[in-house]
Each structure stands twice: as C-alpha cells, then as structure tokens.
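Please examine the structure shown here before reading the questions.

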Amino acid sequence: MKTFVGRIEQILETGGVKKEIALLFVSAIALVISIFDLLPLPFDAAWIAIILCGVPILLEALIGLAARFDIKADVLVSLALIASVCIGEDFAAGEVAFIMQLGALLEDLTVAKARAGIEKLVNLMPRTARALRNGTETLLPAEQVRIGDILRVLPGESVPVDGIILSGQTSINQAVMTGEPLPVDKTIGDEVLSGTLNQFGAFEMKAAKAGGDSSIQRMIRLVQSADAGKAKIVRMADRWATWIVVIALTAAALTWIFTGETIRAVTILVVFCPCALVLATPAAIMAAIGNAAKHGFLVREGDALERLAGVQKIAFDKTGTLTYGTPKVVSVKSLSEKRSEQEIYALAAAAEQFSEHPLGKAVLSCYRKEISDHVLPAASFEMLPGRGVSAVVEGRAVLAGNAEMLTERGVVIERHAEMEYFLRHGCTVIYIAVNGAPAGYIALSDTVRPESAGMIDALSRIGVPAVLLTGDHELPAESIASQLHIKEAHANCLPEDKLNYIDRAQREHISICMIGDGVNDAPALKRAAVGIAMGGAGSDIAVDAADIALVDDEVKELPHLISLSKRMMKTIKLNLIFSMGLNFLAILLAAIGALDPVIGALVHNAGSVIVIINSALLLKWKG
C-alpha cells in the first residue's frame with residue numbers, strides 16, 4: 001500500500017508549474033464552453049475541468065487519508081465534487097475544482113525549491129594535499145591525510161586539513177570560515193583551518209584534525225542538518241480542515257434530515273468548499289513578494305514572509321552586511337617632524353603599488369582616489385609574507401608592514417595614545433619606516449555602510465532589536481556595535497557559534513532572522529526562522545542557503561520588509577475572516593433553499609475574487 005501511495009505521489013509531483021498552468025488554461029476554456037453552451041459536444045465540457053483539475057484533488061485527498069489519515073481541505077473539496085457530480089451539477093463540480101487548483105498554483109509559484117548550496121559548499125573542500133614523507137613530497141587525496149602528517153601548502157592553494165604551522169610565514173584568507181574581510185598573517189605555531197586560502201608564502205604544517213573533524217567538513221554537516229530544525233508554516237485551510245469538514249458534513253446532514261432535499265445538502269457542501277480560504281494566504285503572499293521585489297528583495301521561499309512577520313530579533317553578520325567588507329584608509333599619521341602626512345601616504349602607496357595583499361591594494365586605491373593618480377616610482381620591491389613590503393622610492397628605503405617586520409629590521413616603533421585609539425577601535429595599522437627610522441603609520445578599517453545606523457534604529461522602533469554575530473575580533477565588533485547602537489554583540493564567531501546562538505534562542509522560543517553574506521553564514525541562514533543573504537556582495541552559497549536575497553545590498557530596505565510581512569499577515573487574517581463569514585452566510589441561504597449548487601458556487605467564488613483584490617492591494621503598500 002505504501003509503495004502504491006508513494007508512486008501516486010511521484011506522479012502528482014511531476015510536471016511542475018508549467019503543467020499546472022496548461023491544465024488550468026484548458027479547464028478555464030472548458031468551463032466557458034460549458035456555461036454558455038458554445039459547442040455541441042456529446043458531453044458537458046465541464047467534465048474536462050473535473051478530470052484535469054478534480055482528479056488530482058481526489059488523489060491527494062485519498063493519499064492523505066489512506067497513508068497518514070490526514071484531513072486537509074482536499075477532503076471537503078472532494079466531497080463537494082462527488083456530491084455535485086452525483087446530482088448532475090457538472091459545472092459546479094468543474095468550477096470548484098478549477099478554483100482549488102488555481103489556489104494550489106499560486107502556492108507553488110511562491111515556493112522556491114532551490115537547494116544547490118550544499119553542492120557548492122562541497123566544491124570548496126580541498127581535493128588534494130602535499131604530504132612530506134621520508135623527505136619526499138607526495139600528492140594524495142585530502143581524505144587520506146592522517147593526524148600528525150606533515151603537509152606543505154603553496155601560495156594560492158587551500159589548506160587541506162586543520163593544523164599548526166611548523167615553518168614559514170604567510171597570510172591566510174579565512175573568509176570562508178570567519179567572514180573576516182582581511183587576510184590574517186600566520187607564522188610558526190599559528191593554527192590554520194581547512195578550506196581557507198593560502199594567499200602568499202609557502203609553509204609546512206602538521207595535521208591536527210583530519211577527515212570529518214576538519215572545519216570545512218563540520219560546516220558542511222551543519223548546513224545539511226540546519227534545515228531540519230526550521231519549523232514549517234502549515235496552510236491555514238489545512239490547519240482548520242478537520243473542523244471545516246465536520247461542520248460542513250453536519251450542516252449538510254441536518255439540512256437533508258429536516259428538509260428532505262438532497263439539492264440543498266449538496267449546495268451546502270459546494271458553498272462551504274474553502275476556495276476563498278485556500279486563496280487567502282497564497283494570494284497575499286504573491287502580492288507581498290511582488291512588493292518586496294520592488295524594494296530589492298528576492299523571496300525564494302514561499303512561507304518566508306509568514307515566518308518573518310513573527311521574528312523577535314535580527315542577527316547580523318558584520319562584514320559585507322553592516323559594513324562594505326573592504327578596507328579603507330581612515331587616517332595617516334607622521335611620527336617625524338621632517339615628513340608630512342602626505343609624504344608618508346605617498347611613500348606607502350609607492351611601496352605598495354606592486355603588492356597583492358588586500359591591505360596594500362587598499363592603500364594604493366585610497367591614495368589614488370584621495371590624493372593623486374600619479375604614484376611615485378619604486379624599485380627593489382620585495383614582499384615578505386605575513387610581514388609587509390619593502391621598496392626603494394626615489395632613493396629612500398621604505399618599509400611598510402606590521403610591527404613584527406619593523407622589529408626584525410631593527411626599527412623601534414613607540415606606541416602613542418592616538419595609535420592605541422585606532423587599535424582599540426579595530427583598525428589595522430601599517431607601520432612605515434624610511435631609511436631605517438620610524439616615519440609614520442596608516443590606519444585602515446572596514447567602513448560602515450552609511451545607511452546601517454538608520455536601518456538599525458528603524459528596526460528598534462518597530463520592535464525588532466538587532467544582534468551582532470561576527471567572526472571578527474572583539475575590538476572591531478565592539479566598535480561597530482557602538483557606532484550602530486547595537487546592544488548585543490558576539491565576536492570570534494565560527495559557523496557553529498552562530499548556529500548555536502540561534503539554537504539557544506529557539507529553545508527559549510525566540511524567533512531569529514539571520515542576515516549574512518559569507519559562506520560561514522550558511523548554516524545560520526539555514527537554521528534561522530528566516531535567512532536573508534546579501535545577494536550583491538554575498539557568496540552564492542549564502543544566497544542558496546537563505547530564504548530571501550537582498551539583490552542590491554540596500555540594507556536600508558530591511559525595515560520595510562519586516563513591516564510588509566506584518567502587514568501581509570494582517571491581510572491574510574482579514575481574508576480568512578471574510579471567507580469564513582461568507583461561507584457561513586452561504587450555508588444559511590443554502591439551507592433555506594435560496595441558493596442552488598451553481599449559484600452557490602458563483603457566490604463563494606465571488607468571495608475568492610474579493611480575497612484576491614484585497615491581497616493585490618499589498619503590491620503598492622508603502623508602509
């Protein structure tokens with residue numbers, strides 16, 4: 001029996017939206033031919049709609065009852081169809097089937113089934129590793145690496161497993177795991193994570209975790225399991241279907257008992273058929289999705305806006321969401337009376353002009369935008385992975401890098417109060433030395449989107465406070481939270497930390513919306529009640545994991561989306577109240593004989609039209 005039912009379900013699921021539209025188009029033509037008797041057919045044309053639209057409803061109802069004893073709206077529709085056909089009201093049966101399938105089509109159009117994120121995430125996994133065994137480098141599959149193996153990682157390669165650097169210096173792009181915008185300098189004794197990208201220097205490492213315990217593998221498992229913890233919205237018509245069926249059958253039976261007229265009992269079943277009730281939710285969702293699209297939101301999950309209306313907190317990733325995710329020069333300071341700040345800036349830009357490091361590129365880019373397109377020529381350029389650069393600019397030996405680099409070259413940098421201020425606020429500092437003497441420094445920072453502060457304040461006004469979950473360190477996290485008036489901030493968050501925060505909130509019955517842009521946000525985007533990804537700057541994996549994508553990255557539109565979702569739920573509730581009220585009124589009219597099945601079908605379908613018109617008002621709602 002289960003095998004048979006499963007096969008029927010597969011048949012019903014094949015074909016997709018295009019097939020549904022084609023069936024509805026043919027059924028609509030058939031109903032027009034039936035009601036106006038346009039063609040001399042040997043049968044009522046309404047039977048075409050009954051077969052094309054009604055048979056799938058009957059099968060769905062049968063499967064639900066036989067396999068799961070699940071009483072949905074399909075059961076009541078099936079009763080109305082069968083009863084109408086039995087008394088010869090073929091048009092009424094065809095019309096009811098058509099309206100129900102129209103509601104199903106609207107729901108299908110709102111539900112996105114794209115789940116490609118896992119495949120893209122799996123593609124990030126390193127395929128091979130360079131193992132050093134008996135003094136020989138051997139290329140082997142990454143899954144064959146064992147704890148304690150010595151591995152070599154070249155520039156441009158992904159780290160195959162978690163481990164500790166034994167020799168060499170480099171810069172690692174950890175965005176896939178932490179979302180940090182800048183590469184992290186690594187040296188002997190530092191930890192490196194699988195899936196992260198080695199940008200510059202070659203190094204040797206000792207494998208500390210391997211196989212399923214590595215960081216990238218753990219994140220894949222998190223994404224695979226996260227969706228299971230997300231509650232799904234149950235359609236209102238199905239939630240109330242059991243009571244609707246009982247009330248309709250009772251009313252029909254009592255009418256038949258007291259009047260003896262079968263036609264009245266059948267009319268009650270037809271008018272109580274929950275067409276408007278079924279349309280109440282998807283019609284409003286479709287209109288709200290259209291409104292959201294005008295404001296840059298691509299809603300990928302049909303019930304995402306329903307869930308969004310109930311969120312109590314919004315958790316933000318920092319980099320690329322509240323900030324641009326790219327470093328910018330925020331200050332240039334001279335430590336020598338002989339050199340101006342503009343000279344320090346010019347020398348640093350000249351030294352960094354051949355650098356591939358994001359910080360060096362940022363210095364050069366900002367110099368060209370703020371000072372001049374002309375950059376001084378540089379010679380004898382040398383890049384030191386994990387340290388900085390050196391070059392000769394117009395006969396002057398220039399060093400630009402971190403404090404360790406200058407210390408190794410015998411240059412002593414004394415900390416000043418202003419320098420400490422930049423470090424406390426999460427800035428990255430590049431120290432500049434000229435001819436072996438300290439000359440100045442440049443502070444760089446990820447820049448906050450100008451609209452972020454207003455957006456956070458607007459969210460607070462509508463009762464949805466913001467939370468910061470970032471892989472960045474405490475200082476930049478606290479600085480950003482302070483600037484944006486975010487009271488709750490969590491730093492150093494790995495993917496599992498963000499997921500655990502959402503899990504704790506769910507256990508406390510707090511509904512969380514997660515907004516992020518990076519691969520490291522994918523598990524949290526999956527698990528949250530609603531996941532919103534930055535579609536412009538965000539990774540494809542984050543977008544695939546999310547329910548909603550913000551296409552143009554205009555975060556200022558988030559308050560509108562939240563308010564729209566709440567307005568949509570009010571519209572749905574109004575639709576439901578109206579449709580149920582109309583159905584009860586129609587029952588009374590049918591019971592006293594004021595309606596026959598055909599007129600009854602037209603009356604309750606007029607209710608469906610009113611529901612659609614009311615929902616359509618959401619398209620132009622501005623809040």
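The questions and answers below set computed values against the definitions behind the labels.

Q: What kind of model is this, and which features count?
A: This is a predicted model, in which local features need pLDDT of at least 70 and side-chain atom pairs count only at pLDDT 80 or more, whereas totals for chains, interfaces and linings use all residues. Residues are numbered from 1 along each chain as its sequence is written, and side-chain values use heavy atoms, with hydrogens and water left out.

Q: Why is phenylalanine 43 called partly exposed?
A: A residue is buried under 20% relative accessible area, exposed over 50%, and partly exposed in between (1.4 Å probe, protein chains only). Phenylalanine 43 has 43% relative accessibility, so it counts as partly exposed. Its place is in the loop between H2 and H3; helices (H or I, at least four residues) and strands (E, at least two) are DSSP runs, numbered from the N terminus.

Q: What makes the nonpolar surface patch, and which elements give two or more residues to it?
A: The patch, of about 900 Å², is made by Val32, Ile35, Phe36, Leu38, Leu39, Leu41, Phe43, Trp47, Ile51 and Val55. Helix H2 (16-36) and helix H3 (46-68) are the elements that give two or more residues. Patch residues have over 30% relative accessible area and no salt bridge, and nonpolar side chains (Val, Leu, Ile, Met, Phe, Trp, Tyr) are joined within 5 Å, like charges within 9 Å. The areas come from the Shrake-Rupley method with a 1.4 Å probe; for residues, only the protein chains shown count as cover.

Q: What makes E21 and E22 paired strands?
A: Two strands pair if DSSP finds at least two bridges between them. Three bridges join strand E21 (residues 530-534) to strand E22 (residues 548-550), and the two run parallel. Methionine 534 has leucine 550 in E22 as its bridge partner.

Q: Why do E10 and E19 stand at the edges of their sheet?
A: Seven strands form an open sheet of mixed pairing in the order E10-E22-E21-E20-E11-E18-E19. Strand E10 (297-299) and strand E19 (488-490) each have a single partner strand, so one side of each is left without a neighbour in the sheet.

Q: How do you know that strand E20 is mostly covered?
A: In E20 (residues 512-516), five of its five residues are buried. Ile512, Met514 and Gly516 point one way, and Cys513 and Ile515 the other way. In a regular strand the side chains alternate between the two faces of the sheet. E20 pairs in the parallel sense over four bridges with strand E11 (residues 313-316), and likewise over four bridges with E21.

Q: How many salt bridges does the structure hold?
A: The structure holds 17 salt bridges. One of them joins glutamate 137 and arginine 152 at 2.8 Å, N to O.

Note on methods: Salt bridge = Lys/Arg side-chain N within 4 Å of Asp/Glu carboxyl O.
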